[in-house]
Amino acid sequence: MHAWLCDNPIGVEALRWKELPTPTPAANEVLIRIEAASLNFPDVLIVQNKYQMKPALPFVPGSEYAGRIEAVGTDVADLKIGQAVACLSGTGGFGTHTVAPAQLCLPLPSEFDPVDAAAFIMIYATSYHALIDRAQLQPSDTVFVMGAAGGVGSSAIQIAKAVGATVIAAASNQEKCHFCLHLGADHAINYGDNNFRDKLKELTNGKGPDVIYDPVGGEFTEPAFRSIAWRGRYLVVGFASGPIPALPLNLPLLKGASLMGVFWGDFAKREPANNAKMMQTLIQWYQQKKIKPPIDCTMPMHELPAAYERMNSRAVMGKLVMVNTL
Ligand SMILES: NC(=O)c1ccc[n+]([C@@H]2O[C@H](COP(=O)([O-])OP(=O)(O)OC[C@H]3O[C@@H](n4cnc5c(N)ncnc54)[C@H](OP(=O)(O)O)[C@@H]3O)[C@@H](O)[C@H]2O)c1
């Protein structure tokens, strides 16, 4: 097998594409032949030793991937050789093969596109958990999605439209705004050069959005919260812009509004049965063509450093996926 090995976590420049012994799965693991792996926000941080999870060195980065099972451990009963799976295991994806705990594998119908599968779990699980489980989104709601051309943001547009809600997307330039409209957003606001609060007021007839989905944080959070509707639900999803904002607590009081934390990773660990049910619904929605990962581009696995460069330049719209052509 080949993989990108990180033995010095100072950044992507230290990664090396190496031939490695193909591992044998432990009792509760499976060996996966990787067909595709998506690039996620944590993949950028983990090779710089800046992510909360710090794997032992050396390790293979690549948090999310899809492929076919090639071998199963002795205790694995419900996965078979040849089964198509998607997996979000934190590391291991940027290579041709990896071993992963069987319980982290999501079995998929054989016809599920492997590129879509590699970009499926993280974005849709986060947005379904946020919008439907946490915010109890209704068709009559208006949702304001920030960072809407990014990975989780683009999935939030699709999930909200699948529920029948009205979506106002926000992104940092016109190209990203067009992308959001193409994905189904009803309106798009360029927060790069507009006063987005005036625009939000205008688009909601003065009422403000019922639900706000915020994976960006930083300077946008407080003005966004100030725009929320009476009884609004504000979803704290992430801090892609860097700074973790603070909020004066008189603001939720004045709007009778709720500030809701979203942590899909812990939801999946603490409520595995609810998570499994949610993932089955998402697979059905994919088969019914209600959702489909927006793929920015695919790149050959051995071009990973160029993919990181594209991600770091904030140019990616939707998901960037590495594919194995070996
Ligand atoms: N809570 C959870 O369970 C959960 C799950 C998954 C991800 N997340 C978090 O959600 C956030 C977004 O993840 P993602 O996968 O959607 O990332 P992504 O694909 O890189 O998208 C992030 C978006 O944030 C915006 N942004 C604003 N300032 C930025 C900056 N300085 N650098 C980069 N992007 C910036 C960009 O849109 P514009 O250029 O249009 O502003 C970009 O499209 C991350 O913080 C991630 O850790 C949380």
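I take a polar contact to be a pair of N or O atoms within 3.5 Å; within protein, one must be able to donate a hydrogen and the other to accept it, and residues adjacent in sequence count only if both atoms are side-chain atoms. The model is predicted, so I note that local features need pLDDT of at least 70 and side-chain atom pairs pLDDT 80 or more, while totals for chains, interfaces and linings use all residues. Residues are numbered from 1 along each chain as its sequence is written, and side-chain values use heavy atoms, without hydrogens and water.

**Helix α6**

I looked up the start of α6 (residues 196-203), where a side-chain oxygen of N195 comes to within 3.1 Å of the backbone nitrogen of R197. Helices are DSSP runs (H or I, at least four residues), numbered from the N terminus. After α6 comes N205, with a positive phi near 50 degrees.

**Helices α3 and α4**

I found α3 (residues 121-134) and α4 (residues 151-163) packed at about 50 degrees, their axes 8 Å apart. Axes are lines fitted to C-alpha atoms over the stretch in contact, and angles run from 0 to 180 degrees between N-to-C directions. The contact (heavy atoms within 4.5 Å) includes Y128 and L131 of α3 and G151 and V152 of α4.

**Ligand**

I counted 22 residues surrounding the ligand, with G151 and K176 among the closest; a residue is near if one of its heavy atoms lies within 4 Å. Ligand oxygen atoms lie 2.8 Å from a polar backbone atom of V152, 3.3 Å from a backbone N or O atom of F239 and 2.9 Å from a polar side-chain atom of R314.

Technical notes:
Helices (H or I, at least four residues) and strands (E, at least two) are DSSP runs, numbered from the N terminus.
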